[in-house]
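Visitor: I'm new to reading protein structures. Could you walk me through one?
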Amino acid sequence: SFAGWAMVIKEDRVINPLAIRFSQDKVLATFHSGQEVEKVSAQLSVVETDGHLFIKAPFPTIEVIRWRPKLRDSSGVPLSADGEVVKGKERWFSMDNRRLWCLQMVAVRYWPRPCVIPVVAIEGACNSRDIRKFRTSSVGVCLWVSREAQVREQLWNWREAAKAQMREVHVDDGSLRQVLAHIRSHEEASSDELPDVPLEMLT
């Protein structure tokens, strides 16, 4: 949750889950309920709307924040230059890391068809307590998944997962360019520029 942020909140927006980045490096492979994230992902359904696949999930809508992360080394120490912290490009991030991983797995399963999810999109200043939770050392593109709190077992990176999918299913160049352009446009979009949730998905 982004409680305490001096922010602009845009509800009922949609975004490609592959355009969202992780705020931390590691998660457990189960939700707080004890359900395995991968099993929940396998059960999620999609609905075709506006030329995209809309992913329907049983858990609450994830929140995303527009943010420039600190660049960190592999041990998590922030990088600096001339006494200033080095930051990456402004992108969409979420602190709902397990839910995001769950949704990204669905998007890769349907690759290269563009998928979208509903989000609460947030822009604005933050309080220091919440921003300390942003500990990614990969600018949010990778996530270590562990079965135990201190053990790293599996590295998730949707780009590598999509490459593996393409080894199983032929993807023509036109479809690949289209989905990559869709992801890039959502990565760069402000909350005002993200599409609204289709009306038929609000009922």
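Guide: Let's go through this one feature by feature.

Guide: Before we start, this is a predicted model, in which local features need pLDDT of at least 70, side-chain atom pairs count only at pLDDT 80 or more, and totals for chains, interfaces and linings use all residues. Residues are numbered from 1 along each chain as its sequence is written, and side-chain values use heavy atoms, with hydrogens and water left out.

Visitor: Okay! How many helices and strands are there in the chain?
Guide: Helices (H or I, at least four residues) and strands (E, at least two) are DSSP runs, numbered from the N terminus. Here the chain has five helices and twelve strands.

Visitor: What share of the residues counts as buried?
Guide: "Buried" means under 20% relative accessible area, "exposed" over 50%, and "partly exposed" in between, with a 1.4 Å probe and protein chains only. In this chain of 203 residues, 44% are buried. Take Ser41, which sits in helix 1 (residues 37–43). Its relative accessibility is 2%, so Ser41 counts as buried.

Visitor: Which residues does Ser41 touch?
Guide: A contact means heavy atoms within 4.5 Å. Leaving aside residues up to four places away in sequence, Ser41 touches Cys102, Met105, Val106 and Arg109. As for the chain, 82% of its contacts with a separation of 6 or more come from residues 24 or more positions apart.

Visitor: Now strands. How do strands of a sheet pair?
Guide: They pair through backbone hydrogen bonds, either parallel or antiparallel. The rule used here is that two strands pair if DSSP finds at least two bridges between them. For an antiparallel case, look at strand 4 (residues 45–49) and strand 5 (residues 52–56), which are joined by five bridges. Ser45 has Lys56 as its bridge partner, and Thr49 has His52. The two strands make a hairpin with two residues between them, and Asp50 in the turn has a positive phi of about 55°.

Visitor: And which strand pairs with strand 11 in the parallel sense?
Guide: That's strand 3, which pairs with strand 11 (residues 143–146) over three bridges. Leu28 stands opposite Ser146 there. These two belong to an open sheet of three strands in the order 3-11-12, with mixed pairing. Strand 3 (26–28) and strand 12 (154–156) are at the edges with a single partner strand each, so one side of each has no neighbour in the sheet. From one strand to the next, the twist averages 30°; such angles run from 0 to 180 degrees between N-to-C directions, using axes fitted to C-alpha atoms.

Visitor: Is strand 6 mostly covered or mostly open?
Guide: Mostly covered: five of the six residues in strand 6 (residues 62–67) are buried. Strand 6 pairs antiparallel with strand 9 (residues 91–94) over three bridges, and Arg66 stands opposite Trp92.

Visitor: Which residues of helix 4 are buried?
Guide: In helix 4 (residues 158–168), they are Trp158, Ala161 and Ala162. They cover an arc of only 100° around the axis, which puts them on the same side of helix 4; the arc is that of the directions from the helix axis to the C-beta atoms. Their cover includes helix 2 (97–109), strand 12 and helix 5 (173–188).
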